[in-house]
Amino acid sequence: MIALEAFAKVNRSLVVLGLRPDGYHEIDTLFQTIDLSDEIRFEEENRLTLSIAGSAVPADDSNLVLRAARVLSERAGGARGARLHLSKRIPVGAGLGGGSADAAATLLGLNALWRLGLTAEELRPVAAAVGSDVAFFLCGGRARGTGRGEKIEPLPDPPDESLVLFLPPFGMATPEVYRALDAGPVPDSLPPRPDSSAMPDRNDLEAAAERLRPELSSLRSALVSQGAVSARLSGSGSTVFGVFRSEPEARAAAAALGRREGVRALVTRTLPRAEWRRRALPAAGNEPEGLKP
Ligand code: C5P
């Protein structure tokens with residue numbers, strides 16, 4: 001049996017550079033792993049099965065865990081089985097990459113359980129085939145994502161940050177937010193590609209998400225009024241997160257803000273890459289070449 005933690009992310013910056021001929025958007029984003037995780041257990045079994053606790057997400061073929069398992073088993077040259085159990089803690093439709101993190105953990109876990117010996121470099125295209133964000137979750141820490149978000153450049157860890165996640169009682173569907181962006185006002189000119197050492201404190205999906213759900217903008221203002229040095233939407237939402245100078249400040253802000261109706265405030269922190277590696281990768285000897293500490 002193998003058990004892995006699948007960590008969530010926030011986007012510290014997300015610039016949309018334009019719509020591509022394939023229907024995806026060219027983006028330039030800063031991903032950051034945070035200390036909030038799901039857990040997946042992998043056991044030997046002839047058939048491929050998935051059970052889920054902690055959430056009503058369906059355990060059918062729309063689930064990224066099963067999609068990742070199928071793509072990997074094809075890559076390995078034939079149908080293989082495993083019993084997978086997912087304990088969900090990362091909210092769904094929240095812009096925290098929960099489904100993508102689970103998919104990446106599935107690739108890491110099954111690569112070990114099935115003794116495939118695929119390297120990180122070999123797993124990356126498999127991850128990108130499952131979803132635009134999945135490749136980031138094979139890297140962890142802080143990284144820049146370009147293309148659809150699947151081209152990953154690992155960056156050094158920033159100083160630790162305390163975060164307050166504001167979780168509204170609804171989720172957002174990523175394609176819908178991108179459609180709202182395309183239907184919105186056309187900018188005079190496309191933004192220039194940012195310099196990786198100075199990514200802007202901005203999320204270009206915010207305005208579109210706030211047109212669909214105007215209450216999101218008041219959540220951002222509330223975080224700023226509680227002293228957040230930055231308050232942004234994560235990915236396509238619905239999570240709005242604030243960055244605080246210290247954990248006590250984050251706790252105080254969460255206590256003040258958590259009383260809003262239907263909104264859950266959660267205090268967390270950024271997770272450095274070394275800690276991600278220790279907690280997210282299979283035990284020594286089973287981690288993919290290229291990801292070993
Ligand atoms: O790649 P993934 O399946 O996660 O993307 C979900 C949807 O989000 C895509 O079908 C597309 O509508 C939108 N998307 C996009 N541009 C990106 C990433 C996602 O338009 N860079």
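**Before you click**

You're looking at a predicted model, where local features need pLDDT of at least 70, side-chain atom pairs count only at pLDDT 80 or more, and totals for chains, interfaces and linings use all residues. Numbering runs from 1 along each chain as its sequence is written, and side-chain values use heavy atoms, with hydrogens and water left out.

**Stop 1: Arg83 and Glu43**

The structure holds 27 salt bridges (a side-chain nitrogen of Lys or Arg within 4 Å of a carboxyl oxygen of Asp or Glu). Select Arg83 and Glu43 to start: their closest N and O atoms are 3.9 Å apart. Arg83 belongs to strand β4 (residues 82-87) and Glu43 to strand β2 (residues 25-43), so this pair links distant parts of the chain, 40 residues apart. Helices (H or I, at least four residues) and strands (E, at least two) are DSSP runs, numbered from the N terminus. Colour by accessibility and Arg83 comes out partly exposed at 37%, as does Glu43 at 30%. For the cut-offs, buried is under 20% relative accessible area, exposed is over 50%, and partly exposed is in between (1.4 Å probe, protein chains only).

**Stop 2: Arg232 and its two partners**

Next, select Arg232 together with Asp201, a salt bridge at 2.9 Å, N to O. Asp201 sits in the loop between α4 (174-183) and α5 (206-212) and Arg232 in strand β8 (residues 230-233), so the bridge ties together parts 31 residues apart in sequence. Glu206 is in helix α5 and Arg232 in strand β8, so here the parts tied together are 26 residues apart in sequence. Which of these residues are buried, and which partly exposed? Arg232 is buried at 13% relative accessibility and Glu206 is buried at 6%, whereas Asp201 is partly exposed at 42%.

**Stop 3: the largest pocket**

Switch to a surface view. On a 1 Å grid over the protein atoms alone, a pocket is an open set of points where a 1.4 Å probe fits, with protein on both sides within 12 Å along at least five of seven lines; lining residues have an atom within 4 Å of a point. Grid points are joined across faces, edges and corners, and a volume is the space filled by probe spheres set on the points. The largest pocket holds about 1200 Å³. Select Leu64, Ser100, Asp133, Thr174 and Pro175, which lie nearest its centre among 45 lining residues. Elements giving two or more residues to this lining include α1 (64-75), α2 (98-113) and α3 (120-130). By class, the lining has 21 nonpolar, 18 polar and six charged residues. Here Ala, Val, Leu, Ile, Met, Phe, Trp, Tyr, Cys and Pro count as nonpolar, Asp, Glu, Lys and Arg as charged, and the others, Gly among them, as polar.

**Stop 4: the second largest pocket**

This one has a volume of about 400 Å³. Of its 18 lining residues, pick Val16, Leu181, Pro185, Val186 and Pro187, the closest to its centre. Which element gives the most to the lining of this second largest pocket? It's β1, with four residues. The lining divides into 11 nonpolar, three polar and four charged residues. Finally, colour domain 1 (2-157) and domain 2 (162-187 + 198-269): both give residues to the lining of the second largest pocket, so it lies between them. Those domain bounds come from an automatic or database domain assignment.
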